[in-house]
Amino acid sequence: MPSTALAGIRVLDLSRILAAPLATQMLADLGAEVIKVERPGVGDDSRTYGPPFAPGTDAAAFYLSCNRNKQSVTVNHATAEGQELIRALAARSDVLVENFRAGTLAKYGLDHESLLALNPRLVYLSVTGFGQTGPYAQRPGYDGIFQAMSGMMSVSGHPDEPMKVGVSMVDILTGLYASTAVLAALRHRDATGEGQFVDLSLLDCGLASLSHFAMNYLVSGEVPRRRGNGGYGGIPSQAFQCADRPLFLVAGNDKQFAAFCAAADRTDLLQDPRFATTSARITHREEILPVLEGIMRTRTRDEWLALLDEHDVPAGPFNEMPEVFADPQIRHREMLVEIDDPVSGRLPLLANPIRLSATPVEGYAPPPALGEHTAEVLGRLAEVTEDQLAGLRARGVV
């Protein structure tokens with residue numbers, strides 16, 4: 001039995017920046033062999049997205065966040081020889097992932113139709129801003145644009161100011177959709193022997209992520225209001241300022257609200273018909289929130305956290321990064337790992353959060369230096385000799 005879930009799967013990764021590299025990193029973490037193809041002398045744009053850089057290197061932390069457990073091969077796809085090398089690698093791969101603008105790789109004979117003809121079992125994933133079809137298909141785009149266009153910003157922030165989510169959320173969600181799509185396509189391939197083309201759009205993924213916000217609008221026709229740190233579920237479900245610092249409190253159903261009232265010594269609220277049920281509290285949101293805000297300011301954050309925990313009411317502190325990584329639960333779950341890096345020494349990484357009992361994520365290799373594995377991979381999979389490799393390097397192909 002394989003020790004990792006995706007042992008034996010080879011992924012040819014022609015992507016760069018964040019969304020698609022996150023997808024291939026997920027596949028690599030799960031045991032796939034991921035070969036990252038980069039431009040000679042330049043590489044993935046994100047290598048330069050610093051500072052900060054890893055100590056003693058020119059590798060930006062941005063690049064390090066989504067390229068571990070991969071091998072780096074440099075190939076110039078704009079040359080005829082480079083195209084042949086990529087075709088040779090694709091012929092011996094299970095998956096190809098790219099995020100060039102729609103139609104770009106067709107110029108080089110590296111589009112899905114050409115490569116599926118070469119390798120009918122190939123799963124070919126294309127991640128673009130707007131998808132392969134439609135009036136915007138040729139437009140460039142980045143995460144913030146898709147947060148704005150998808151409606152994500154329209155439901156984020158305070159009433160008078162739409163707000164971008166701090167992290168590149170559409171990129172991250174697209175990476176997760178992408179890895180799921182690849183696994184589904186591999187399942188189909190294993191059952192039928194047929195590969196397929198996967199068309200994934202960041203705009204589509206951003207919109208899909210609106211979930212119940214979008215569904216609320218589709219059902220009611222009412223445009224969602226921005227509520228800052230308040231949610232659209234039961235009441236309370238938002239941030240509250242305590243006597244010293246804020247916390248986030250969720251007591252969205254009747255059992256939890258009753259427990260909160262007991263913790264706050266305010267069981268009288270349960271007798272008020274405006275607040276007695278979940279639906280009533282949602283209807284009378286503007287009336288109950290000032291009451292709750294006044295209650296929460298009567299104790300410190302840590303006093304509230306202890307009291308709410310005692311009454312089994314969901315709540316949590318607002319943590320800055322140092323507090324996040326010092327949190328005992330985070331430490332227990334080993335979400336921060338340190339690995340040996342040949343250049344920087346010790347490299348801290350976020351762990352993969354998936355816990356598999358039979359095929360666990362086993363170990364982390366540092367994100368590769370540009371072209372670190374060119375000779376080994378091209379020799380093994382494209383049968384390129386050392387003399388041929390020297391010639392290819394002299395001609396700027398690798």
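## Contact of α1 with α6

In this predicted model, Ala19, Leu22, Ala23, Met26 and Leu27 of α1 are in contact with Asp171, Ile172, Thr174, Gly175, Leu176, Ala178, Ser179, Val182 and Leu183 of α6 (contact means heavy atoms within 4.5 Å; helices are DSSP runs of H or I with at least four residues, strands are runs of E with at least two, and both are numbered from the N terminus). By class, this contact comprises 10 nonpolar residues, three polar and one charged (Ala, Val, Leu, Ile, Met, Phe, Trp, Tyr, Cys and Pro count as nonpolar, Asp, Glu, Lys and Arg as charged, and the others, Gly among them, as polar).

The axes of α1 and α6 lie 7 Å apart and form an angle of about 45° (axes are lines fitted to C-alpha atoms, for helices over the stretch in contact, and angles run from 0 to 180 degrees between N-to-C directions). The two helices, α1 and α6, are therefore oblique to each other (under 35 degrees counts as roughly parallel, over 145 as roughly antiparallel, 65 to 115 as roughly perpendicular, and the rest as oblique).

## Basis of the model

Residues are numbered from 1 along each chain as its sequence is written, and side-chain values use heavy atoms, with hydrogens and water left out. Because the model is predicted, local features need pLDDT of at least 70 and side-chain atom pairs count only at pLDDT 80 or more, while totals for chains, interfaces and linings use all residues.

## Largest pocket

The largest pocket has a volume of about 1200 Å³ (on a 1 Å grid over the protein atoms alone, a pocket is an open set of points where a 1.4 Å probe fits, with protein on both sides within 12 Å along at least five of seven lines; lining residues have an atom within 4 Å of a point; a volume is the space filled by probe spheres set on the points, which are joined across faces, edges and corners). Its lining consists of 33 residues, and Leu22, Gln25, Ser65, Arg68 and Leu350 are nearest the centre. Two or more lining residues come from each of α1 (19-29), α2 (61-64), α6 (169-192), α13 (321-326) and β13 (345-350).

With five residues, β13 contributes the most to this lining. The lining of the largest pocket contains 25 nonpolar, five polar and three charged residues.

## Second largest pocket

The second largest pocket holds about 560 Å³ of space. It is lined by 25 residues, of which Arg16, Ile17, Asn99, Gly141 and Tyr142 are closest to its centre. At least two lining residues are supplied by each of α1, β5 (123-128) and α5 (143-149), and α5 gives the most, with three. The lining of this second pocket divides into 14 nonpolar, five polar and six charged residues.

Ile17 is not a glycine, yet its phi is positive, at about 75°. This residue, Ile17, is in the loop between β1 (10-13) and α1.

## Cis peptide bonds

Gly50 and Pro51 are joined by a cis peptide bond with omega of about 5°, and Pro51 is located in the loop between β2 (33-38) and α2. A cis bond also runs from Ile235 to Pro236, where omega is near 0°; Pro236 belongs to the loop between α8 (211-220) and β9 (237-241).

## Contact of α9 with α12

Phe260, Ala263 and Ala264 in α9 meet Trp304, Leu307 and Leu308 in α12. This contact of α9 with α12 has six nonpolar residues and no polar or charged ones. Helix α9 (residues 254-264) packs on helix α12 (residues 301-310) at an angle of about 130°, with the axes 9 Å apart; α9 and α12 are therefore oblique to each other. The crossing of α9 and α12 is right-handed.

How values were computed
Left-handed = near helix turned anticlockwise from the far one by under 90°.
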